[in-house]
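Dear colleague,

I am handing over the structure below, and I would be grateful if you could look through it before reading my notes, which follow directly after it.

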Amino acid sequence: MFRSSNDQRLTTFLCGSATMAGLISLLIVVFLVLESIPALSHIGLSRFVTDASWHPADVADQGAFNLLPIVVGTLLASAGAILIAAPLGILSAIFIQFYAPGRLGRVYLQMVELMAGVPSVVFGLWGLIVIVPLVARVHPPGQSLLTAVLILSMMILPTVAMLSHAALASVPREFLIAAAALGFSRGTTIVCVAVPAARSGLATALLLGLVRAVGETMAVVMVCGNVTRIPSSLFDPVRTLTATVALEMGYARGDHRSALFVCGIVLLMGVAGLVGASELLGSRRGHDPA
Amino acid sequence: MTRHKLGWNVLMAVGAWSTPVIVAGLFLWLLVDVAIRGWLAFVPGSPDASGTGTWLQGPGQIVQFLTSAPLRAGRAGGIAPILVSTGLILSVCLAASFPIGIAAALFLSEVVSEHHRFGRFVRCSLDVLAGVPSIVFGLFGNALFCRLLGFRFSILAGGLTLACMVLPLLIRSAEESFRAVPISQRQAAAALGFSRCSTLFRVVIPQASGGIAVGLILGIGRALAETAALIFTSGYVDRTPTSLFDSGRSLSIHIYELSMNVPGGNRNAYASALVLIVLLVIINALAQWLTARFLQRQILPI
Amino acid sequence: MTNLEPNSALPRPAMSVENLTIRYGGKIALRSVTLSFAPRSITALIGPSGCGKTSLLSSLNRLTDLIPSCQLDGIVCLGERNILDRTIDVVELRRHVGMIFQRPNLFPMTIRRNLELPLREHGWRDARKRSQKVEQTLLDVGLWDEVKDRLDRPALTLSGGQQQRLCLARALILDPEVILLDEPCSALDPISTGVVEELLVRLREKCTLVIATHNLGQARRISDRCALLWGDADGGRLVEEAETNVLFDRPQDPLTQAFLGGQIG
């Protein structure tokens with residue numbers, strides 16, 4: 001049965017490859033946990049919220065490992081980013097789907113897709129050289145929560161816009177035709193028919209945009225100011241989880257390095273929570289049962 | 001229409017039309033800024049972003065930039081070793097992710113049904129992988145490839161880490177391409193007594209090759225743009241690497257390093273950013289062209 | 001590899017099914033059908049859509065294996081062997097039992113490669129022999145004059161009728177004993193249909209043909225025997241089977257009379 005043993009070998013190889021691919025995310029979790037065990041056992045979970053501040057290299061009193069200001073930094077930056085990107089992104093999608101004449105919509109969509117491909121360092125570079133001085137003119141220093149929010153919102157806008165567009169495009173035509181037959185104006189159709197019909201897809205778009213904001217590293221590092229204190233105003237510098245890992249991993253040793261892996265776990269949990277929430281909402285792009 | 005409704009509609013129209021203007025405006029601002037400052041970096045005599053003097057004199061600056069080594073921590077000189085490192089990292093990434101990705105995609109589309117438990121587990125795991133932040137990949141790569149497997153800061157470690165990142169993207173687009181091959185083709189092959197091997201290699205894969213190529217190119221684009229996963233896997237060294245175990249600096253890391261840690265490095269940071277953007281535009285255009293050409297082939301005359 | 005006896009000159013049926021029941025995930029599609037197909041004949045399976053014609057055909061070359069939820073119970077014989085036996089090499093089986101589908105499904109390759117690929121797959125290594133076989137088969141289906149100058153052009157540039165005839169050539173090139181046809185003319189215009197029907201009648205001399213069709217005129221024109229399948233809530237079943245002229249002129253079962261008279265289905 002020569003032919004069939006070849007088939008058998010092929011199937012085994014395919015299965016093995018799929019298994020390997022499927023195991024990677026498990027491996028990531030395993031390694032993160034393993035590497036954070038030293039920090040969790042030597043420093044203890046409670047110190048991550050009760051220490052005076054985040055100064056891990058401060059040898060004098062065994063280092064301070066309070067993650068709270070950093071977590072707050074991530075939350076504020078991401079929340080701010082989605083607050084700006086959500087209306088801009090959804091309105092972009094509405095524009096493409098309902099207002100753009102002819103090819104304009106496609107061109108705009110292509111531009112948004114291009115925007116999604118711009119590397120974060122380039123966003124960061126532009127933010128650092130162009131936006132930071134502008135913000136500094138209003139209120140020094142330029143590197144602040146505000147700048148981080150602005151840059152982040154530009155970065156996640158394509159994600160929100162593209163997913164929202166997919167959600168709106170999959171609204172069944174019958175709904176829109178029914179609305180037209182009832183004499184609904186375009187605005188009413190959009191607000192009362194299309195958006196509610198696409199609401200789970202839109203919510204997914206926002207959640208996944210938030211995921212991207214939480215996970216973004218380089219652009220944020222370059223413009224956020226990197227001071228680990230809870231900011232008291234928009235113009236205060238701030239630090240995020242991702243920036244912390246990026247900046248300190250280069251020289252961290254021992255428990256400090258392990259503490260950075262704890263940051264990684266917190267990041268993963270946050271992202272997992274958001275992705276889980278978006279899964280719960282049901283329809284995702286391409287999986288809509290039309 | 002009542003006045004109330006009119007107001008609402010006008011508001012919506014204003015919002016819908018002003019948004020693309022704002023977004024396009026911001027994006028173009030960024031592009032133009034990078035393009036101009038990047039270009040100015042090559043023009044002799046022009047001040048750079050931080051105003052610290054010129055470097056390149058005479059024509060052919062771009063070629064020189066692309067083919068010479070960095071000097072004075074990158075403030076001067078070119079990016080040749082950086083391009084070499086970037087190319088090597090990408091090659092490792094593709095060499096690792098392509099075979100596994102295609103095989104896994106074949107498994108998901110040809111071997112298991114939609115609802116098969118193991119297939120669902122793999123798909124779910126890949127979806128999770130797609131959402132993991134790049135810095136976490138950096139941590140993972142550092143722990144697994146640099147520490148555990150002992151590769152230390154190396155191109156190999158960086159490439160393998162990127163392979164993990166690119167895998168979900170590759171698998172998703174390959175799987176879609178396989179599913180796009182009509183069932184009638186598989187039925188024809190089965191009715192002619194083709195073995196599974198032959199059906200896959202002679203009928204399905206050739207017909208899916210266009211989509212796979214597009215996915216591959218998009219994966220390259222994603223990997224090129226990646227920084228956070230590489231900073232502590234492939235390292236910072238800006239010399240030309242002599243082996244895969246050497247540390248090497250990728251283009252995006254070079255931009256980061258020059259703008260953040262090298263005073264007076266902004267000029268070359270912009271020049272490098274311009275190079276990176278041009279590469280990405282080429283890649284995107286290639287993917288678009290391939291998509292158009294591939295889709296055309298699928299329009300069958302009957 | 002088990003050996004499948006090619007049918008000899010004895011009046012043994014080329015293929016037969018006995019108490020064949022086809023289930024898809026527990027739901028019965030075809031219930032307990034017993035039928036035989038004489039060598040070198042054309043048998044038409046007629047009946048409304050959903051009565052199980054396609055399922056029956058697919059079971060004859062075990063194409064049902066491609067559907068994981070499909071279960072076959074009973075006996076399906078090619079010559080003497082029960083092909084539902086697990087020791088049967090399905091790949092070899094399909095060399096003996098070919099199939100044509102409703103819509104032509106040629107590979108997106110040249111005409112020549114479409115025909116050579118099955119040969120290469122089944123071990124024909126000699127390029128010259130393959131070439132000769134390709135020419136012979138195209139002559140047999142009457143396509144040679146039409147395509148001899150364009151063998152290396154894409155097969156999909158042919159017209160619908162030509163494509164379907166090429167599909168027939170592709171199935172024929174393996175010298176099967178039986179060819180199954182699932183509504184082969186339903187996607188074709190009347191003229192192409194006529195050409196294909198003419199070809200099928202000629203092919204009867206080489207092999208056994210089983211054709212599922214909802215075109216009663218076609219069944220009457222070309223088949224030797226006819227079997228009426230009918231489906232209801234409990235699944236499909238065989239209602240009546242007889243020589244074509246007998247079935248159409250003197251149907252025994254009232255259901256057959258009603259169906260042929262156009263009152264139902």
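How many residues of domain 1 of chain B are in contact with residues of domain 2 of chain B? Please bear in mind throughout that this is a predicted model. The domain assignment of chain B gives domain 1 as residues 3–58 and domain 2 as residues 77–297, and the C-alpha centres of these two domains of chain B lie 30 Å apart. Between them, 11 residues of domain 1 of chain B are in contact with nine residues of domain 2 of chain B, and the side that domain 1 contributes is made up of six nonpolar, three polar and two charged residues.

Turning to the contacts of chain B with other chains, I begin with chain A, where 67 residues of chain B are in contact with 65 residues of chain A. On the chain B side, helix α1, which spans residues 3–40, gives the most, with 18 residues. Sorted by class, the residues of chain B that touch chain A comprise 51 nonpolar, 13 polar and three charged.

Chain B also meets chain C, with 18 residues of chain B in contact with 22 residues of chain C. Here the elements of chain B that give two or more residues to its side are α7 (183–191) and α8 (196–224), and the largest share, six residues, comes from α7 of chain B. By class, this side of chain B holds nine nonpolar, eight polar and one charged residues.

With best wishes

Note on methods:
Residues numbered from 1 in each chain as written. Chains lettered and ligands numbered in written order. Predicted model: local features only at pLDDT ≥ 70, side-chain atom pairs only at ≥ 80, totals over all residues. Contact = placed C-beta atoms within 7 Å. Helix = DSSP H or I, 4+ residues; strand = E, 2+ residues; numbered from the N terminus. Nonpolar A, V, L, I, M, F, W, Y, C, P; charged D, E, K, R; others polar. Domains from an automatic or database assignment.
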